[in-house]
Amino acid sequence: MNMAAQTLEAQASIADRVQVLRDTFANGRTRDLAWRKGQLTRLEALINEQQEAIAEALYADLGKCKTEAWTSEIGFTLSDIQHTRKHLGKWSKPRKVSTPIAAQPGKSYQLPEPLGTVLVIGAWNYPFQLVLAPVIAAIAAGNCVVMKPSELASNTSSLLARLIPQYLDQEAFLVIEGAVEETTQLLALPFDHILYTGGEQVGKIVMRAAAEHLTPVTLELGGKSPCLVDDDANLDVTAARIVWSKWMNAGQTCVAPDYVLVTPAQKQPLMEALTKALETFYGKDPATSKDYGRIINDRHFARLQGYLDNQTIALGGQCDEGSRYMAPTILDNPAADSPVMQEEIFGPILPIIEIANLDEAIAWVNQRPKPLALYVYSNSDACVRRVLNETSAGNVCINDGFMFMVNSELPFGGVGNSGMGAYHGQSGFDTFSHLKTVMHRSFRFDVPLRYPPFSALKLSLLKRLL
Ligand code: NAD
């Protein structure tokens, strides 16, 4: 068979497999709340029973240690399932709104209904959680789901492809493994929603493809997330929290602080506090720490190494190509037009940028694309208020790293270049639902005011009523 014929056959098989899900949705199985809760419970069983295998795959892909694997992937997903199952009954009830006098007697409400068959495209940095957290929301909302894990985290991808059919309803859930070719084939098909996690460039490809079918999209993108450290911040706590959120997963976190803005007076004390916290966390030689991760692949390793060229390295900088180890690295005041300050770093390098004052820090943030996350460490209410009122970001955390992630009540998503739409908790359920507007009128009191023939009296009464 030639290449073109092979591609056609593969396309047909992906389309056929997705069609099975469409048929399942059409027969109404996923609308049943008990079925949805049952599938969530099956997913919970998958995670509980396969914890070891999941942790091994994450270690093989990213050198992710067991504790990080638990907190940011396995445990995170389990608690998401539990929160979702607990609140599913409430979320799926009609949401009443008031009815104006002109529509009385009558009732008004929004009725959540599932969208249909949806596509979830995951990224490689949290390869388990970033596929399954949207899937939990999509199951809860009553959809069939096609999952496309990232090929770069190949161990986690193949584990998901093996386990999902063992635990979940095979006619409602499908894992398609692969890279650009397979994703392109999927994107050619009509879906009822696409949730994509990844970079901006592919986000545009996804949105373009979705436009062909008028498919709504949620784009969970990234970008440079600034971290402002005020002069009055508690430096020890600030440093510990910056180090935790920056160097978890070796900096390969979409909401990691990308760089720090600090006044010249505070820069040196902050650098010293960061250095101390790093040594406490990872020891004198982080290469030997079992808690410090590795870079996903050679391409990203080379990209990160390139960021160090012509920079003043205040700490770290050691690299080992063979194991894709890059030490926690702090750069002293790189130029704003250098590559490390132009692109999302997505690795273990933290630039510390001197900024004269809060006015300049706010202007700096506002001159750049809207970030996915913005961090401010300050004891001053006035400073916090100004940052909140005068800047825009998908998510803000005051005096900590990405702790907003642990609160399922908080929607998570970007704004502007960092993405559109949100999920987690009820916002995820809503993302994968259509909130159908319903007005239920009574046959009683059919006041003829709005019916022709019209008159001046009818018009003046209508003007008062509407
Ligand atoms: P990636 O390379 O894993 O790509 C993401 C997905 O897009 C993969 O499933 C991949 O197969 C698919 N893809 C890649 N090229 C494609 C193409 N040409 N056509 C169709 N599909 C294609 O991930 P990435 O883009 O390197 O991810 C890193 C980015 O993701 C960073 O910017 C990071 O900030 C962002 N991110 C955001 C979140 C969030 O929740 N907002 C989470 C993690 C990562």
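Some ground rules come before the tour. The model is predicted, so local features need pLDDT of at least 70, side-chain atom pairs count only at pLDDT 80 or more, and totals for chains, interfaces and linings use all residues. Residues are numbered from 1 along each chain as its sequence is written, and side-chain values use heavy atoms, with hydrogens and water left out.

Let's start at the ligand. How many residues surround the ligand? The count is 27. The closest are Lys148, Ser150, Glu151, Leu221 and Glu344.

Now the polar atoms. The side chain of Lys148 puts an N or O atom 2.7 Å from an oxygen atom of the ligand. Gly199 uses its backbone: an N or O atom there lies 2.8 Å from a ligand oxygen. Leu221 also uses its backbone, with a polar atom 2.7 Å from a nitrogen atom of the ligand. How much of the ligand does the protein cover? On its own, the ligand has 840 Å² of accessible area, and the protein covers 90% of that. Such areas come from the Shrake-Rupley method with a 1.4 Å probe; for residues, only the protein chains shown count as cover.

Which elements give two or more residues to this shell? They are helix 7 (180–187), strand 6 (193–197) and helix 8 (200–212). Helices here are DSSP runs of H or I with at least four residues, strands are runs of E with at least two, and both are numbered from the N terminus.

By class, the shell has 15 nonpolar, 8 polar and 4 charged residues. Nonpolar means Ala, Val, Leu, Ile, Met, Phe, Trp, Tyr, Cys and Pro; charged means Asp, Glu, Lys and Arg; the others, Gly among them, are polar.

Domain 1 (3–221 + 417–438) and domain 2 (226–413) each give at least three residues to the shell. Those bounds come from an automatic or database domain assignment.

Stay with strand 6 for a moment. His193 is found there. Is His193 buried or exposed? His193 is buried, at 6% relative accessible area. Buried means under 20%, exposed means over 50%, and partly exposed is in between, using a 1.4 Å probe and protein chains only. The His193 side chain makes a polar contact with the side chain of Thr218, at 2.7 Å. A polar contact is a pair of N or O atoms within 3.5 Å; within protein, one must be able to donate a hydrogen and the other to accept it, and residues adjacent in sequence count only if both atoms are side-chain atoms.

Over to helix 8. Met207 sits in that helix. Met207 is partly exposed, with 36% relative accessible area. Its C-alpha atom is 9.2 Å from that of Tyr196, 11 residues apart along the chain.

Next, helix 14, residues 381–390. Its buried residues are Cys383, Val384 and Val387. Seen down the helix axis, they fall within an arc of 100°, so they line one face of helix 14. That arc is taken from the directions from the helix axis to the C-beta atoms. The face turned away carries the exposed residues Asp381 and Asn389.

Now for some backbone geometry. Most residues other than glycine have a negative phi, and most peptide bonds are trans. This model has exceptions to show. Gln104 and Pro105 are joined by a cis peptide bond, with omega about -10°. Pro105 lies in the loop between strand 1 (95–97) and strand 2 (106–114). The bond from Pro452 to Pro453 is cis as well, with omega near -5°.

What about phi? Ala250 has a positive phi of about 50°. Ala250 is found in the loop between helix 9 (235–247) and strand 9 (259–262), and is buried at 1% relative accessibility. Asn310 has a positive phi too, near 60°. Asn310, however, is exposed at 81% relative accessibility.

One last stop: Asp446. This residue lies in the loop between strand 18 and helix 16. Asp446 is partly exposed, at 48%. Its side chain makes a polar contact with the side chain of Tyr451, at 3.0 Å. Asp446 and Gln104 are 342 residues apart in sequence, yet 9.7 Å apart in space, C-alpha to C-alpha.

Notes:
Near = heavy atom within 4 Å.
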